[in-house]
Amino acid sequence: MVAAAAIAPPAPAIGAASAPVIEIEDVTRVYHLGDVDVHALRGVSLRVERGESIAIMGASGSGKSTLMNLIGCLDRPTSGTYRLAGKDVSRLSASELARVRGERIGFVFQNFNLLARTSAVENVELPLLYAGVGGHERRTRAIAALEQVGLGSRLDHTPNQLSGGQQQRVAIARALVSQPEIVLADEPTGNLDSRTSVEVMAMMQALVAKGITVVLVTHEPDIAQYAARVLTLKDGKVVSDTRHEPVRAVLEPEVAS
Ligand SMILES: Nc1ncnc2c1ncn2[C@@H]1O[C@H](COP(=O)(O)OP(=O)(O)OP(=O)(O)O)[C@@H](O)[C@H]1O
Ligand SMILES: [Mg+2]
């Protein structure tokens, strides 16, 4: 079962409280490959309010991961500005970006990115370890995060002792343990069957209900419909940006066998 009720609220804003959590203005990103310039983003603007859920779609190579890397402070724009909760982060140094990232952003990946031979609770503790949080508090917060995603009884399981959906829930707990304002998920259901995908999207919707902003990349329209907004990229540009009532991710009861 998905335990959605106890997810912690996001950290307070670093800029003005009313500022959009993501404010991207006319951003470009050019990769230099030898003599060749690859224009991965060609003037993207995007405002996302606190507690919005947005799915980014588009063909392979359209710039989705490039945009996610910018939003996640893993990378900086070539030109244009990015304000995160009101603070301009477009020209920060790598170490300043890393700090903002650690405080504000949680990441979920298609292939879970969990350490093998490492227990669920230790995987979830990792971001806190990097942030210098002490051992006792780390353990307490990691257990709470795993309980939030319904895995309180799997603390000592290693990834290969967990199902794909459970592994992704460990990854979501790891993303949540630092109480981020934004959760970024690049194809979070790409390696999951349809039932487990719904379970993961139910978790994402629970985060949104708590005021966390969720940005996800997906190739699947079925998954995008769980977000309230769908942004489509083509050749590094936004070609559509639509809002709609999201479909609720509800799990059918499992048929007993
Ligand atoms: N590190 C890099 N160096 C050079 N070019 C890159 C780099 N990363 C991405 N690109 C190029 O930038 C463009 C956008 O790539 P990006 O990874 O953002 O696409 P995507 O929409 O995420 O695609 P996919 O659906 O396949 O994941 C592509 O043309 C790609 O080849
Ligand atoms: Mg990609």
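**Exercise 1.** Which residues are around ligand 1?

*Solution.* Start with the ground rules. This is a predicted model, in which local features need pLDDT of at least 70 and side-chain atom pairs count only at pLDDT 80 or more, while totals for chains, interfaces and linings use all residues. Residues are numbered from 1 along each chain as its sequence is written, and chains are lettered from A and ligands numbered from 1 in the order in which they are written.

Step 1: a residue is near a molecule or strand if its C-beta atom, placed from the backbone, lies within 6 Å of it. Around ligand 1 this gives Y31, L33, V38, A40, G58, S60, G61, S62, G63, K64, S65 and T66.

Step 2: sort the shell by type. Ala, Val, Leu, Ile, Met, Phe, Trp, Tyr, Cys and Pro count as nonpolar, Asp, Glu, Lys and Arg as charged, and the others, Gly among them, as polar. The shell then has four nonpolar residues, seven polar and one charged.

Step 3: look for the elements involved. Helices (H or I, at least four residues) and strands (E, at least two) are DSSP runs, numbered from the N terminus. Strand 1 (22-33), strand 2 (36-48) and helix 1 (64-71) each give at least two residues to the shell, and the largest share, three residues, belongs to helix 1.

**Exercise 2.** Find the order of the strands in the open sheet of four strands.

*Solution.* Step 1: two strands pair if DSSP finds at least two bridges between them. The order is 2-1-4-5, with antiparallel pairing. Strand 2 and strand 5 (87-88) are the edge strands, each pairing on one side only.

Step 1: follow the bridges. Strand 1 is joined to strand 4 (residues 79-84) by five bridges, with I22 opposite L84. Strand 4 pairs with strand 5 over two bridges, and there K87 is the bridge partner of L84.

Step 2: inspect the hairpin of strand 4 and strand 5. Two residues lie between the strands, and A85 has a positive phi near 50°.

**Exercise 3.** Is strand 3 (residues 53-57) largely enclosed or open, and why?

*Solution.* Step 1: a residue is buried if 20 or more other C-beta atoms lie within 10 Å of its own, exposed if 12 or fewer, and partly exposed in between, with C-beta atoms placed from the backbone. Five of the five residues of strand 3 are buried, so the strand is largely enclosed by the rest of the structure.

Step 1: check the two faces. S53, A55 and M57 lie on one side and I54 and I56 on the other, and all are buried.

Step 2: name the neighbours. Strand 3 pairs in the parallel sense over four bridges with strand 8 (residues 213-217), where I56 stands opposite V217. Strand 3 also pairs in the parallel sense over four bridges with strand 9 (residues 229-234), where M57 stands opposite T232.

**Exercise 4.** What do the buried residues of helix 5 pack against?

*Solution.* Step 1: eleven of the 13 residues of helix 5 are buried, so this helix is largely enclosed by the rest of the structure. Among them are V170, I172 and L176.

Step 1: list the partners. The buried residues of helix 5 pack against strand 6 (105-109), helix 3 (120-130), helix 4 (135-148), strand 7 (182-186) and helix 6 (194-209).

Methods. Two residues are in contact if their C-beta atoms, placed from the backbone, lie within 7 Å.
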